[in-house]
Amino acid sequence: MSNGKRFVDNGDGTVTDNEMGLMWKQTDSYQDTSKWCNWFTSLDYIRELGLKKFAGYVDWRMPTLEEAEELYDEDTFILDMDRLEIYIDPCFSPGGGFTTWTSDERPHGTAAVFYYRYGHANLNHKEDIVKDSVRAVRDIEKDG
């Protein structure tokens, strides 16, 4: 792993997670749009990132619940839009939302949402727009 750091600010609006082999968008959907989103508008937001080739990539997607959980680290934090602590690496930009929708769909029209304030997930209805946002992620190709 490069210089032993797990999270690296790539200087182009992305953050690499060397441990998980993932690249995250440095800001979340709330920071980019100033709106909260439901599961469906989260998908639209991520599709748009791919169409615009954000940071040069077309393969942005919603994180799985496991990937979303892996960002949570109670030993480090940044402040969210309410100026409350969310427990993710300072490589990420402060001022965003405190949740992310995930690709983990559940029965009865729900999907898992992970809360970076509290370190746990919840099931929300996919149509509901509460104070939720999404963090875009992509897999890093392994060379050779």
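## Pairing of β3 and β9

In this predicted model, in which local features need pLDDT of at least 70, side-chain atom pairs count only at pLDDT 80 or more, and totals for chains, interfaces and linings use all residues, strands β3 and β9 pair in the antiparallel sense over three bridges. Residues are numbered from 1 along each chain as its sequence is written, and side-chain values use heavy atoms, with hydrogens and water left out. Strands (E, at least two residues) and helices (H or I, at least four) are DSSP runs numbered from the N terminus, and two strands pair if DSSP finds at least two bridges between them. Leu 22 has Asp 139 in β9 as its bridge partner.

The two strands belong to an open sheet of four strands, ordered β1-β2-β3-β9 with antiparallel pairing. At its edges stand β1 (7-9) and β9 (137-139), each of which pairs on one side only. From one strand to the next, the twist averages 25°; here axes are lines fitted to C-alpha atoms, for helices over the stretch in contact, and angles run from 0 to 180 degrees between N-to-C directions.

## Salt bridges

The structure holds 14 salt bridges, a salt bridge being a side-chain nitrogen of Lys or Arg within 4 Å of a carboxyl oxygen of Asp or Glu. One of them joins the side chains of Arg 6 and Glu 19, at 3.6 Å from N to O. Arg 6 lies in the segment before β1 and Glu 19 in the loop between β2 (14-17) and β3, so this pair ties together parts that are 13 residues apart in sequence. Arg 6 also forms a salt bridge with Glu 70, and the closest N and O atoms are 3.7 Å apart. This second pair links distant parts of the chain, since Glu 70 is in helix α3 and Arg 6 in the segment before β1, 64 residues apart. Glu 70 has a relative accessible area of 30% and is partly exposed; buried means under 20% relative accessible area, exposed over 50%, and partly exposed in between, with a 1.4 Å probe and protein chains only.

Asp 139, the bridge partner of Leu 22, forms a salt bridge with Arg 61, with the closest N and O atoms 3.0 Å apart. Asp 139 is partly exposed at 40% relative accessibility, and Arg 61 is partly exposed at 22%. Through shared partners, salt bridges join Arg 6, Asp 17, Glu 19 and Glu 70 into one network.

## The largest nonpolar core

A nonpolar core is a set of buried Ala, Val, Leu, Ile, Met, Phe, Trp, Tyr and Cys residues joined through side-chain atoms within 4.5 Å. The largest one has 31 residues, of which Ile 46, Leu 71, Ile 88, Phe 92, Trp 101, Tyr 116 and Val 134 touch the most other members. At least two residues of this core come from each of β3 (22-25), α2 (39-51), α3 (65-71) and β7 (110-115). The largest share, five residues, is supplied by β7. In soluble globular proteins, nonpolar side chains tend to be buried together.

## The β7-β8 hairpin

Strand β7 pairs in the antiparallel sense with β8 (residues 120-125) over six bridges. Together β7 and β8 form a hairpin with four residues between them, and Gly 119 in the turn has a positive phi of about 80°.

Tyr 115 is placed in strand β7, opposite His 120 in β8. Tyr 115 counts as buried, at 13% relative accessibility. Leaving aside residues up to four places away in sequence, Tyr 115 touches Phe 98, Thr 99, His 120, Asn 122, Asn 124 and Asp 132, where contact means heavy atoms within 4.5 Å.

## Residues in loops

Asn 38 lies in the loop between α1 (29-33) and α2 and is buried, with a relative accessible area of 9%. The side chain of Asn 38 reaches the backbone nitrogen of Thr 41 at 2.8 Å. Residues up to four places away in sequence not being counted, Asn 38 touches Trp 101, Lys 126, Glu 127, Asp 128 and Ile 129.

Most residues other than glycine have a negative phi. Lys 53, although not a glycine, has a positive phi of about 50°; Lys 53 is in the loop between α2 and α3. Arg 83 is not a glycine either, and has a positive phi of about 60°. Arg 83 is found in the loop between β4 (78-79) and β5 (85-86) and is exposed, with a relative accessible area of 66%.

Conventions. Polar contact = N/O pair within 3.5 Å; in protein donor to acceptor, adjacent residues only side chain to side chain.
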